[in-house]
Amino acid sequence: MKKILVTGGAGYIGSHTVVELAQAGYEPVIIDDFVNSKESVLGGLREILGHDVPCHHVDCTNADALREVFRQEGDVAGVIHFAAFKAVGESVQKPLMYFQNNVGSLLTLIQVMTEAGVGNLVFSSSCTVYGAPDSLPVTEATPTKPATSPYGRTKQMCEDIVHDVSAAPGNQLHTILLRYFNPIGAHSSAKIGELPLGVPNNLVPFITQTAAGIREKLTINGDTYDTPDGTNIRDYIHVVDLAKAHITAVQRLLDRKATDVVETFNIGTGHGNSVLEVVKTFEEASGQKLNYVMGPPRPGDVPAIYADATKAADILGFKTETSLFDSLASAWKWQESLGK
Ligand code: UD1
């Protein structure tokens, strides 16, 4: 079994990827500092997989601690690097914290991987690198625009760092950059899902918490955008579909099938949905009436973005399997399980 270290493996996308890795015959090992995740995730993983997933309680900006993980784990085939802060608004308030954590952890990780002779990396990037694109859908060749937040800038910087490191003489690093669109939903077992600490920033956990009575109402961030119903358009992808893209990416690296030392793929459905469409679809999928109001635009939001996912389909054989309806139904099932 090939051992894959998963930084941020107790987080939302990380935990779903750990399940898919294990079920595809890999040996996932989690590295997480639990500042934005809960230890209870490990219990959910155990229930789904029927065994414990090894976990190192380590902050990836701590080089010595990370070195010790690689030493203890021995034969590591590759790393999937999720560990990062991801709240756009918070990044505006605390930019240094975002640069230190998101950029710092990547620099440390690459350094330690190089020392350990581990040359395969899958990096969690984001559609945020495109900024506000001139045309839609965005392909991997769509020029990136200035980021609209420090969070977005950390993802752009991390991509640049990977490219520069990979272009240096003697480079041993092979990387696949996955640019995620908007992950939503939860595992079909409802044993793992999104666990926002405090008030959720993202749309779907806010919706499910409102339906559950934890929040009074959802505020839709603007209805006068230049879109058919005036609300923002995003590409919502089920988290398990997104997780599966990592398995294909890892396998491609291990098989040395990549045609470049750094390859980039959009991971989305290829379809855009408006905030109002998500709200309406949630109401149908959950049978819950949602209390919502229209509010002002949120600073930094781009009006519309969705993926051209052709490259991932052609090269990775990637296709999404879960509809928006089923994704939202899974998010609701997860929310209900939390109440129990
Ligand atoms: C953002 C980032 C994305 C990042 C993700 C992680 C950008 C362009 N996108 O996604 O890269 O991976 O955060 O957190 O930087 N909305 C409401 N009311 C709410 C919450 C959200 O109307 O209470 C709307 C937003 O304005 C937006 C849509 O729902 O139009 C989705 O928002 P959200 O889930 O926060 O994701 P993004 O901002 O698209």
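**Domain interface and ligand surroundings**

Domain 1 and domain 2 bury about 2,100 Å² between them, with 70% of this area on carbon and sulfur atoms; buried area is the accessible area (1.4 Å probe) that two parts lose on being put together, summed over both. The structure is a predicted model, in which local features need pLDDT of at least 70 and side-chain atom pairs count only at pLDDT 80 or more, while totals for chains, interfaces and linings use all residues. Residues are numbered from 1 along each chain as its sequence is written, and side-chain values use heavy atoms, with hydrogens and water left out.

Domain 1 spans 3-185 + 237-267 and domain 2 spans 203-233 + 270-335, with bounds that come from an automatic or database domain assignment. Their C-alpha centres are 24 Å apart. The contact (heavy atoms within 4.5 Å) draws 25 residues from domain 1 and 21 residues from domain 2.

What holds charge to charge across this interface? The rule finds 1 salt bridge between domain 1 and domain 2, where a salt bridge is a side-chain nitrogen of Lys or Arg within 4 Å of a carboxyl oxygen of Asp or Glu. The interface also has 9 residue pairs in polar contact, both residues at pLDDT 80 or more. A polar contact is a pair of N or O atoms within 3.5 Å; within protein, one must be able to donate a hydrogen and the other to accept it, and residues adjacent in sequence count only if both atoms are side-chain atoms. On the side of domain 1 that touches domain 2, β10 (236-238), α8 (239-254) and β11 (262-267) each supply at least two residues; helices (H or I, at least four residues) and strands (E, at least two) are DSSP runs, numbered from the N terminus. The largest share of that side, 5 residues, comes from α8.

Turning to the ligand, 20 residues surround it, the closest being Ser126, Asn232, Arg234, Arg298 and Asp301; a residue counts as near if one of its heavy atoms lies within 4 Å of the molecule. An N or O atom in the side chain of Asp301 is 2.5 Å from an oxygen atom of the ligand, and for the side chain of Asn182 the corresponding distance to a ligand oxygen atom is 2.9 Å. A polar backbone atom of Thr219 lies 2.8 Å from a nitrogen atom of the ligand.

The structure holds 15 salt bridges.
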